[in-house]
Amino acid sequence: MIDFRYHLVSLMSVFLALAVGIALGAGPLKEAIGDTLTGQVDQLRSEKADLRDELSARASELSQQEAAFAAVAPSLLQGVLTDRRVAIIELADVSGDVRDQVAARLGDAGATVTATVQVTDGWNDPAKVTYRQTLAGTLVDYLNPVPAQDAGTDTELAEALVQALTAAAPTDPDRLSDNSGVVLQLLTDGGLISSEGDITLPADAIVILAGPTTAGEPSTGTVTPSPSPSESADNELRDAQLAAALQIGLAAQARATGAVIAGGELADNTLIDKVRADDDAAAKLSTVESVHTLTGQISVPLALSARIAGTVGHYGPSDGTTAAMPPRVVLPPIMRAAVQTDQPADAGTPTAPSGGATP
């Protein structure tokens with residue numbers, strides 16, 4: 001049995017050990033411990049300073065490289081898209097700086113931006129399904145070619161938007177057709193698109209800018225629990241957005257001389273990821289990632305020129321791409337001529353279906 005004397009001896013041993021430690025720390029070991037800690041702190045400070053200097057040097061080097069690349073970009077792009085007319089379609093939220101830089105690079109390549117159209121949330125709003133179906137039924141009367149009867153609302157709306165941006169007047173290749181004006185007005189009045197300025201020239205090609213709101217979280221490769229009802233609804237909406245966006249891309253390639261989809265960093269549940277994962281779409285549509293960077297912005301007109309020339313490619317720093325950047329392809333001069341079609345005559349004043357202003 002442990003008695004009081006045992007506890008007393010144990011306590012005395014503890015206090016003795018503490019006293020010895022204090023004596024050694026304040027005496028013989030004080031200087032050694034202090035010198036060791038001081039040396040380690042000095043070493044860490046020196047390493048931190050070296051890393052800061054290295055980072056600064058790398059940043060300066062990268063800035064110089066980008067400045068040099070930016071300086072030669074106009075020469076690299078010169079003549080690539082001479083006299084081509086390009087419409088820009090924005091899907092979801094696209095940075096104004098990115099859009100302006102892409103437009104500027106298209107200009108460096110010799111192209112004219114004929115239109116900048118933003119697809120609004122109304123394009124996929126679940127509360128406007130019936131209205132979109134009614135509107136699509138109205139729009140097909142102004143389309144040529146007309147989508148198949150079982151094409152679906154997404155396809156009909158995509159065809160309407162793209163044909164409205166590319167269809168020229170039957171007797172004047174330098175003027176947008178009257179039906180195009182009707183369709184654009186109906187889509188605008190219906191709250192499905194917005195645009196900047198008047199659209200008067202038919203586009204030869206189309207660049208689609210895919211905004212970040214079309215993206216979900218990158219895949220972690222782990223099993224996740226079943227989503228809640230709200231998460232399921234969000235996932236369904238995102239899937240619907242991507243499906244509708246893909247239809248716009250396919251329509252753009254079908255009705256224009258070429259189309260390119262450009263987006264940000266490659267991640268799961270983005271439009272670029274969806275295109276590249278779909279063998280049929282990947283064989284038709286060219287994609288450019290990292291469009292927020294100088295390299296990505298310069299790649300857009302290069303990819304478009306290559307696509308018009310018949311080369312489909314997927315460009316960017318990710319694994320599995322065709323190349324980091326597209327090849328430089330100089331297109332021959334474009335010849336436009338009036339072409340008679342069986343497109344319906346001037347439709348007159350458009351009337352949107354009831355319910356266009358509100359969901």
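Buried here means under 20% relative accessible area, with exposed over 50% and partly exposed in between, using a 1.4 Å probe and protein chains only. The structure is a predicted model, in which local features need pLDDT of at least 70, side-chain atom pairs count only at pLDDT 80 or more, and totals for chains, interfaces and linings use all residues. Residues are numbered from 1 along each chain as its sequence is written, and side-chain values use heavy atoms, with hydrogens and water left out.

Helix α5, residues 153–166, has 14 residues and reaches 20 Å from its first C-alpha to its last, close to the 20 Å expected at 1.5 Å a residue. Twelve of these 14 residues are buried, so α5 is largely enclosed by the rest of the structure; the buried set includes T155, E156, L157, E159, Q163 and T166.

## Helix α4 against α5

The contact (heavy atoms within 4.5 Å) is made by R132, Q133, A136 and L139 of α4 together with T153, E156, L157 and A160 of α5. By class, the residues of this contact divide into four nonpolar, two polar and two charged.

## Helix α4 against α6

With α6 (residues 178–189), α4 packs at an angle of about 170°, the axes being 11 Å apart, and the two helices are therefore roughly antiparallel. Here L135, T138 and L139 of α4 meet V183, L186 and L187 of α6.

How values were computed
Helix = DSSP H or I, 4+ residues; strand = E, 2+ residues; numbered from the N terminus. Expected span 1.5 Å × (residues − 1). Nonpolar A, V, L, I, M, F, W, Y, C, P; charged D, E, K, R; others polar. Axes fitted to C-alpha atoms, helices over the stretch in contact; angles between N-to-C directions. Parallel < 35°, antiparallel > 145°, perpendicular 65-115°, else oblique.
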